[in-house]
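Have the sequence and the structure open as you read.

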Amino acid sequence: TTTAGAFTFNADGTGGTAPAVRHYAVVNGEANVAATGHGPHAADGQVCADGGYLAAGISVPTEMSQIGQCVVSKVMPCATAAEYAMPLGNDLNGAGANCAENFKWAWLNNNNNRYCHMVSVKESADGSYILAAGTRQSTSTSNNYNGYVVKIDSATGTTIWEFDYLTGAGSRSGFETVHLTSDGGFIVGGFMNRVDTEKPGFKSGGQVDQGIPVMHKFSAAQAASSSAGTPTPVWSYSCDGASGRTCNLNDGSVKNMRVFTDAGVEKVVGLPTSRSILLVLDAITGSEIAYSGDGLSSGFIGDGTANDIEVEKDASGAVTGYVTSGLRAVPIQTDNGVACGADGCSVITGSFTKYKADLSASEWKLDLQTGEWPGGANAFASVVATPYKSLVYTECWGLTSVKDGSGAHVGYAAACGTGIEPGCGIHPGAIQTECNNDPRKAWRGAVARIDLSGNLVWYSINSYQAPNEEAGGAMESGESASEYIFQTPEGR
């Protein structure tokens, strides 16, 4: 079971008492190619000081192109859902001031028709600018790429400065995450000295499985400057085992992090590989404070992949642990009486895990087996629990702390996805037959909310919906995915 005690599974693809969907507003790449590129895929986002929403990711110039381009966009949500002509599936076209019809701005960098992939975005404390970090090819050598940071005016979407970071990083490096620090500076995390020439995927697009994980802290002066100049980190940390560092890895990237204060010291906790590994540094000096082990011979062995992290504190502000979202893959040889063959079957579940503050052990774990969750919207309304645990996968990515109306911390919510992949052909016998008749071959975005003890409070896989104009405006559920999540100041 996915939760302790009784739990209500609803026919509409929700469980527990899930909040109703307020509205969907969509920046359609096909209708806004000049502004956003074709097929924009957002990897990260956040709510802004002025109430706007940011999204950062990758698109391509044309439908068939293989050249990624960096994109960041900002929308201003309407005050009420009634202002949208189509609250479920409202298209936003062109930059402008009409919240129901326009996005505010879109920043697009085709990098002179060379690879560019934005992965993380954060707004400054005063709301005046945005920092976005990713990876791009900065030279004419197509097999080389490097970490990339851009500063964008939050009000207008215009570039203030940008820089490529190559120092000591080898021919192939990149950034996956950026966070601001209390002194006005910022920390980026990513990888260096990647051997494979293939450009890596990020978030649901793949895990960086080669490279030495790194973090760099840049100063407040660098962040506040009107020009990039020659960026020099205040400190750099690499998981290379040198200079007394216990982190010694060559198969990962710092893909997510959180900056926090603990006992008066500002710290940063990062996730440096596709396993469940936690690394804590002093955010001021870059010195190593704690490392959980490599997840293979030490540390949290067999805990699967941690994709995002939050820091848990008690009422006094003391750190009590770290909570991660991610996924776990467990091989099995038989699934409900069906032999899985020489390669076996994989049960892939979305996961939440809480680790102790000293990284000595985990406190609780929760796995989400969404194949057991019935129902959904439109084509998914007839879905029932599958008898085969290896058929429907669940993967969780972004994570956010959840507060109640009084501001008290009450739990966490994760952005997840659920469905059948990479197709029915990998499944044996009766499982393949079941797969061929299951609508969950279409991937659906999912949101799961838990309490502070790791119990499932509610979930929602009622899917993105939009009117099909060719079918007389009837609502239909297309494929969807959830990469990141945040709670707005209004509590949504």
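Which residues of the largest nonpolar core touch the most other members? They are Phe352, Leu368, Ile450 and Leu456, out of 18 residues in that core. A nonpolar core here is a set of buried Ala, Val, Leu, Ile, Met, Phe, Trp, Tyr and Cys residues joined through side-chain atoms within 4.5 Å. Buried stands for under 20% relative accessible area, exposed for over 50%, and partly exposed for what lies in between, with a 1.4 Å probe and protein chains only. At least two residues of this core come from each of β25 (362–368), β26, β27 (409–419), β28 (444–451) and β29 (456–460). In soluble globular proteins, nonpolar side chains tend to be buried together.

Please keep in mind that this is a predicted model, in which local features need pLDDT of at least 70 and side-chain atom pairs count only at pLDDT 80 or more, while totals for chains, interfaces and linings use all residues. Residues are numbered from 1 along each chain as its sequence is written, and side-chain values use heavy atoms, with hydrogens and water left out.

**Sheets and hairpin**

Strands (E, at least two residues) and helices (H or I, at least four) are DSSP runs numbered from the N terminus. Two strands pair if DSSP finds at least two bridges between them.

Phe175 has Gly190 in β13 as its bridge partner.

β10 and β11 form a hairpin with five residues between them, and Gly157 in the turn has a positive phi of about 80°. Across this pair, Lys151 stands opposite Trp161 in β11.

| Strand pair | Bridges |
|---|---|
| β4 (residues 53–60) and β5 (residues 69–75) | seven bridges |
| β10 (residues 146–153) and β11 (residues 159–165) | six bridges |
| β12 and β13 (residues 186–192) | six bridges |

**Cavities and a pocket**

How many cavities of 30 Å³ or more does a search of the whole structure find? There are two. On a 1 Å grid over the protein atoms alone, a cavity is a set of points where a 1.4 Å probe fits but cannot get out, a pocket is an open set with protein on both sides within 12 Å along at least five of seven lines, and lining residues have an atom within 4 Å of a point.

The largest cavity has a volume of about 70 Å³, and its lining includes Glu176, Lys203 and Trp397. The second largest cavity has a volume of about 30 Å³. Among the residues lining the second largest cavity are Asp303, Arg328 and Phe352.

The second largest pocket holds about 1300 Å³ of space. Of its 48 lining residues, Gln46, Lys122, His179, Arg258 and Glu310 are the closest to its centre. β26 gives the most to this lining, with six residues.

Most residues other than glycine have a negative phi, and most peptide bonds are trans. Ala263 has a positive phi of about 55° although it is not a glycine; Ala263 sits in the loop between β16 and β17 (265–271) and is exposed, at 77% relative accessible area. Asn336, in the loop between β22 (334–335) and β23 (338–339), has a positive phi near 50° and is exposed at 52% relative accessibility. The peptide bond from Glu421 to Pro422 is cis, with omega near 0°, and Pro422 lies in the loop between β27 and α3 (429–436).

Conventions: Points joined across faces, edges and corners; volume = space filled by probe spheres on them.
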